[in-house]
Amino acid sequence: MMWVETIINGILYGGLYGLLGVGLALIVGVMRVVNLSHGEFIVLSAFIGVSLVGVFPGVHPLVLLLPVAAIAFGLGFVLQAALINRVVTRPDPFAAILLTFGVAVVMRNLMVEIYGADLRHLQAGQLAQASTGIGGLHVGVLPLLILALSVALFTGLQLLLTRTRFGRIVRATADHRDVVRLMGVNPGRVYNLVMGLSLALASVAGMLLAIRASFSPYSGVERLLVAFEVVVLGGLGTFWGAMLGGITLGVAELVGLRLDPNAGPLYAHLLFLVGVLLRPSGLFRVRT
Amino acid sequence: MTLLEVEALDTFYGDFQALFGVSVRVEAGETVALIGANGAGKTTFLKSLVGLIDRRRGEIRFAGESITGEPAERISQLGLSLVPEGRLLFPSLNVEENLLMGALNRRPGTWNLARVYELFPVLRERRRQSPNALSGGQQHMVAIGRALMSNPKLLLCDEISLGLAPLVVDQIYESLGHIRAEGASIVLVEQDVKRAAGAADRVYCLLKGRITLHGQARGMGLEQLSRAYFGT
């Protein structure tokens, strides 16, 4: 019984991991850029959440998801417009990697300056402890909410990309950046919006993760690692793959912790290693 | 009215000069052919017109307005539409979505999705398919349709017969007749001299970045064309 609950909780948190990765997957898919500061933005969102909780003490952190996501969208837009767009047209992928690496380092140190190096936590109050009975099993209410939110966001993203005019433009720009200019589309502006979206998704994941686990300005690297593993494990080019990749890692981590309480995320990383060795192109790769 | 006036165009890829003093004129309603061998500069010329190449000298005027320094995004809104060499369809979009992309810059006119499907009925059958599932000729149809969706005043066609069987090329060129009938002017860039010269009112020949011949298509001898094409 306990095992089933563990696995279920793993699935539920796995949705969160998927959310951590989907923003990264979006950027890689659309502009072939690996944003090495993705993890730092995840952590920054959590810090902004903490600040906002300080300013509005009565408000539950979950309600703050929307304003934090909006702020993250704006930051992503500016990051792309001011910096990344300068290097995205170069054939050499290193420029973008170095640039975002630099951004990550600067951000990390700025956060230490502003917030200090202590571990923080986002309090979700009763919600974090509450559990409900489903079919005789104890399932956390918060993890259920998180999974529901993750699925909703994933579905929303899919629909945005496949059913809307904007989504069409994004996909076309990802295919042929020059040809869309012939149709009046400015690729730079498309990238600005996509980066905003990427960081908005990352910020939701960041806030939710901060409720579950404590964080510091140095947590960015860990978050980036998870995001990376989710994207690669799931397979480049598919978002539901990222979701499933996240779930796989989530289950592996919680099962591993039950087996070996000192392991931390070791088993998740081991699973990733095995997965990549056996199927390098991802578990759920979609034909490009 | 002179729809397109290109005066002494020099175009560069970095330090490499690809076009030397190219002057071309297209009157409203005309079909003009630009022929030349591989590497003569035909695609470079078209790309310069639509604003995809930054380094250029000389004057380009479209419908009386100077477009010489303008970026591609702006030029695309003025009624100049390109069917690119190699089609360059969007593989992540299906046929219909590819056509709809062409309508982003839609100017008032007769061309819309229904009319394009009328012109190329096979596309309606395959409209939810990926462009990769289509034959070469059908992909050319999508590329042309996509360019038509904006209702261009001037349609630039880059090697629309390339790699296609003669019967399919016949079909494509027949569609040009319908396009012409709706009022668009056309620039046909081709390696196939007979096809292009046969469909055009006037012909220009390009060799190593320079115009070597220019005149009425009717009455232009094969000898003359050969000399200008090969530079002998």
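Helices and strands are DSSP runs, a helix having at least four residues and a strand at least two, and they are numbered from the N terminus. In this predicted model, Leu225(B) is found in helix H9 of chain B, which covers residues 222–230. A residue is buried if 20 or more other C-beta atoms lie within 10 Å of its own. Leu225(B) has 20 C-beta neighbours inside 10 Å and therefore counts as buried. Apart from neighbours within four places in sequence, the residues in contact with Leu225(B) are Val193(B), Ala197(B), Cys205(B), Leu213(B) and Met220(B). Asn105(B) is 120 residues away from Leu225(B) along the chain, and the C-alpha atoms of the two are separated by 37 Å.

Chain B also contains helix H7, residues 166–181. The 16 residues of H7(B) should span 22 Å at 1.5 Å a residue, and the end C-alpha atoms are 23 Å apart, which agrees. After H7(B) comes Gly183(B), with a positive phi near 110 degrees. A positive phi is also found at Ala63(B), a residue other than glycine, where the value is near 50 degrees. Ala63(B) lies in the loop between strand E4 (56–62) and strand E5 (65–66) of chain B. Because Ala63(B) has 16 C-beta neighbours inside 10 Å, this residue counts as partly exposed.

The phi of Arg32(A), a residue other than glycine, is positive and near 55 degrees. Arg32(A) is partly exposed, because 13 other C-beta atoms lie within 10 Å.

The axes of H1(A) and H6(A) come within 8 Å and cross at roughly 40 degrees. This angle makes H1(A) oblique to H6(A), and the crossing is left-handed. On the H1(A) side, the contact is made by Asn9(A), Leu12(A), Tyr13(A), Gly15(A), Leu16(A), Gly18(A), Leu19(A) and Val22(A). On the H6(A) side, the contact is made by Pro143(A), Leu144(A), Ile146(A), Leu147(A), Ser150(A), Val151(A), Leu153(A), Phe154(A) and Leu157(A). The residues of this contact divide into 13 nonpolar, four polar and no charged. In an α-helix there are 3.6 residues a turn, so residues three or four places apart point the same way.

Leu153(A), one of the H6(A) residues in that contact, is buried because it has 20 C-beta neighbours inside 10 Å. Leaving aside neighbours within four places in sequence, Leu153(A) is in contact with Leu19(A), Leu201(A) and Val204(A). The C-alpha atom of Leu153(A) is separated by 16 Å from that of Thr164(A), 11 residues apart along the chain.

Helix H6 of chain A, residues 141–163, also meets helix H7, residues 165–175, and the axes come within 5 Å and cross at roughly 80 degrees. H6(A) is therefore roughly perpendicular to H7(A). In this contact, Leu160(A), Leu161(A), Thr162(A) and Arg163(A) of H6(A) meet Phe166(A), Gly167(A), Val170(A) and Arg171(A) of H7(A). The contact residues comprise four nonpolar, two polar and two charged.

Helix H4 of chain A, residues 94–115, has 22 residues. The distance from the first C-alpha of H4(A) to the last is 31 Å, close to the 32 Å expected at 1.5 Å a residue. The buried residues of H4(A) are Ala96(A), Leu99(A), Thr100(A), Ala104(A), Met107(A), Arg108(A) and Met111(A). These buried residues pack against helix H2 (38–55) and helix H9 (220–234) of chain A. H4(A) is followed by Gly116(A), with a positive phi near 85 degrees.

The two partners of H4(A) in this packing, H2(A) and H9(A), have axes that come within 7 Å and cross at roughly 120 degrees. That angle makes H2(A) oblique to H9(A), and the crossing is right-handed. His38(A), Gly39(A), Glu40(A), Ile42(A) and Val43(A) of H2(A) make the contact with Gly220(A), Val221(A), Arg223(A), Leu224(A) and Ala227(A) of H9(A). The contact of H2(A) with H9(A) has five nonpolar, three polar and two charged residues.

Between the chains, 14 residues of chain A are in contact with 19 residues of chain B. The side of chain A that touches chain B consists of six nonpolar, three polar and five charged residues.

Note on methods: Residues are numbered from 1 along each chain as its sequence is written. Chains are lettered from A and ligands numbered from 1 in the order in which they are written. This is a predicted model: local features need pLDDT of at least 70, side-chain atom pairs count only at pLDDT 80 or more; totals for chains, interfaces and linings use all residues. The expected span of a helix is 1.5 Å times one less than its number of residues. A residue is buried if 20 or more other C-beta atoms lie within 10 Å of its own, exposed if 12 or fewer, and partly exposed in between; C-beta atoms are placed from the backbone. Two residues are in contact if their C-beta atoms, placed from the backbone, lie within 7 Å. Axes are lines fitted to C-alpha atoms, for helices over the stretch in contact, and angles run from 0 to 180 degrees between N-to-C directions. Angles under 35 degrees count as roughly parallel, over 145 as roughly antiparallel, 65 to 115 as roughly perpendicular and the rest as oblique. A crossing is left-handed if the near helix is turned anticlockwise from the far one by less than a right angle, and right-handed if clockwise. Ala, Val, Leu, Ile, Met, Phe, Trp, Tyr, Cys and Pro count as nonpolar, Asp, Glu, Lys and Arg as charged, and the others, Gly among them, as polar.
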